[in-house]
Amino acid sequence: MEPKKKLFSFEDTPSKSLDEVNGSIKVPDNAGFWKTLLTYTGPGILIAVGYMDPGNWITSIAGGAQFKYSLLSVILISSLIAMLLQAMSARLGIVTGKDLAQLTRESTSKRTGFVLWVITELAIMATDIAEIIGSAIAIKLLFNIPLIVGILITSADVLILLLLMKLGFRKIEAIVATLVAVILLVFSYEVFLSGPQVTELLEGYFPSTDIVTNKSMLYLALGIVGATVMPHDLYLGSSISQTRALDRSDRSAVKKAIKFTTIDSNIQLTIAFVVNSLLLVLGAALFFGTDSQLGRFVDLFNALSNSHIVGAIASPLLSMLFAVALLSSGQSSTITGTLSGQIIMEGFIHLKMPLWAQRLLTRLLSVSPVIAFAIYYHGNEAKIEDLLTMSQVFLSIALPFAVVPLVIFTSSKKLMGEFVNRAWVKYSAWIATIVLIVLNIYLIMQSLGIVK
C-alpha cells in the first residue's frame with residue numbers, strides 16, 4: 001500500500017523554481033532570429049501584467065485629468081527603470097538556475113528568511129486585493145451582480161488556474177497575452193475616439209520643472225513611480241526566465257537565453273508603457289478641464305457614457321469596453337500573483353504545497369478583508385476601493401526587500417561570473433533603487449498622514 005501523500009511538507013533542499021514548468025519548453029537549435037524570439041516570447045507578458053494591473057489605473061487617468069499630458073514623462077522614466085530591473089531579474093535566474101527568493105534565503109538565517117517570507121506574502125496579498133476589487137467591480141458593472149457576489153466569484157478562479165497549469169505553461173502565456181491584447185485594443189480605440197492633441201502629447205514625454213514645483217503634480221508623479229516596480233514581479237521574473245530548457249555549462253546557450261529573454265521582457269514592458277500612456281492620455285483628452293471627480297472605477301465608468309463630461313463620443317459602449325478591460329486586467333494579474341506566491345513560499349521557507357492548496361490559502365487571506373469591508377459598508381464601491389490605498393502601502397514596504405538583494409546578487413562576480421552587471425548597469429540600478437525607496441517611504445508617510 002502506497003504511503004499517503006502529505007498536503008504540505010518542508011524540504012531541506014528546495015526543488016527547482018516552479019519545478020513543474022522549469023525547463024519545460026524546448027528551444028530549437030540553430031533556428032533563425034525570429035523563430036528563436038518566438039520561443040522565448042511569453043514570460044515577458046506575465047511580467048508586464050503587473051505594470052498595468054487595476055491598482056495603477058486610477059493614478060494614471062487622474063494624472064491626465066488634472067495635468068493633461070505633463071506626467072507622460074514620469075510614465076516613460078518609470079518604464080525604463082522597470083526594464084532595467086526586470087532584465088537583471090531574468091539574468092539572475094538564467095545564470096544561477098535559482099530564483100530571487102531562493103538566493104535571498106540562502107544568504108540569510110532561517111528566522112530572517114521567515115520574516116522576509118511574511119513581508120513578501122503580504123505584498124502578494126496586497127496585489128491580490130487590487131485584482132479582486134477591480135474584477136468584482138467590473139463584474140458588477142457588466143452584469144449588475146452585487147459586489148459581494150462578484151468578490152466570491154473572483155475567489156473561484158483557483159479552479160481556472162489549476163486547469164491552465166495542466167494545459168502547459170505556453171497556454172498560460174497565450175491566455176494572458178490575449179487578455180493584455182483586449183486591454184490594449186480597448187484603450188487604443190477609446191483614445192482614438194477622444195482625439196488627443198498629438199503635438200502636446202509628444203511634448204509630455206519631456207520632463208517639466210512643474211512636476212517638482214507643483215505639489216499636487218508631484219504627489220501624482222510619486223504615485224506613478226512608486227507603483228512602478230512590483231516586488232512580486234522581480235521574484236516572478238527570476239523564476240519564469242527558467243521555463244526554457246537550458247544547458248548552463250554552455251556559455252553561448254546562456255548568452256543566447258539572456259539576450260532573447262531580455263528582448264522579450266523589453267517588448268512586453270513597452271506594451272505596458274503604451275497601455276499606461278493610453279490611460280493617462282484618455283484622462284487628459286476626455287476629462288481635463290471638466291472638473292469631474294474621477295477617483296473611482298465607477299466614476300470613470302459613468303463618465304464615459306456622460307455627454308456632459310466627455311462630449312459627443314459618450315456612449316454606453318465606451319463604458320462597457322472600460323469594464324471589459326478592467327476585468328481582463330484583474331484576471332490576468334491573478335495568474336501572475338498565484339505563480340509568485342508559489343515561488344516565494346518554496347523559496348523562502350522551503351514549504352512545498354499543492355498549487356490548489358497554496359492558491360486557496362492565499363486567495364482566502366486576500367478575499368477576507370475585502371469581504372469584511374464589503375459587508376461592513378453594505379457593498380459601497382467607494383469605501384471598498386479605499387483598500388487599494390492600504391494595499392499600496394504594503395507594496396511600498398516590501399519593495400526594498402526585493403530590489404536591494406537583486407542588485408547585490410547580479411553585481412556579484414562570484415555568483416554571476418562573466419555575466420555580472422556591467423558598471424553602468426550596476427550604478428544605474430543603485431540610483432534607481434535609492435530613488436524608488438525614497439519615493440516609497442515618502443508615499444507611506446503621506447498615506448499615514450505623517451507628511452502633507
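This is a predicted model: local features need pLDDT of at least 70, side-chain atom pairs count only at pLDDT 80 or more; totals for chains, interfaces and linings use all residues.
Local features need pLDDT of at least 70 and side-chain atom pairs count only at pLDDT 80 or more, while totals for chains, interfaces and linings use all residues. Residues are numbered from 1 along each chain as its sequence is written, and side-chain values use heavy atoms, leaving out hydrogens and water.

**View 1. Helix α1 (residues 33-40) meets helix α14 (residues 251-287).** Their axes (lines fitted to C-alpha atoms over the stretch in contact, with angles from 0 to 180 degrees between N-to-C directions) come within 9 Å and cross at roughly 70°. That makes α1 roughly perpendicular (65 to 115 degrees) to α14. Look for Phe33, Thr36, Leu37 and Tyr40 of α1, in contact (heavy atoms within 4.5 Å) with α14 residues including Phe260 and Ile263.

**View 2. Helix α9 (residues 169-194) packs with helix α17 (residues 316-349).** Here the axes are 9 Å apart, at an angle of about 150°, so α9 and α17 are roughly antiparallel (over 145 degrees). Among the α9 residues that meet α17 are Phe169, Ile172 and Val176; Leu317, Leu318 and Leu321 are among their α17 partners.

**View 3. Welcome to the second largest pocket, with about 510 Å³ of space.** A pocket is an open set of points on a 1 Å grid over the protein atoms alone, where a 1.4 Å probe fits, with protein on both sides within 12 Å along at least five of seven lines; lining residues have an atom within 4 Å of a point. Of its 18 lining residues, Arg91, Ile258, Arg422, Trp424 and Val425 lie nearest the centre. Helix α14 gives the most to this lining, with 6 residues.

Methods. Helices (H or I, at least four residues) and strands (E, at least two) are DSSP runs, numbered from the N terminus. Angles under 35 degrees count as roughly parallel, over 145 as roughly antiparallel, 65 to 115 as roughly perpendicular and the rest as oblique. Grid points are joined across faces, edges and corners, and a volume is the space filled by probe spheres set on the points.
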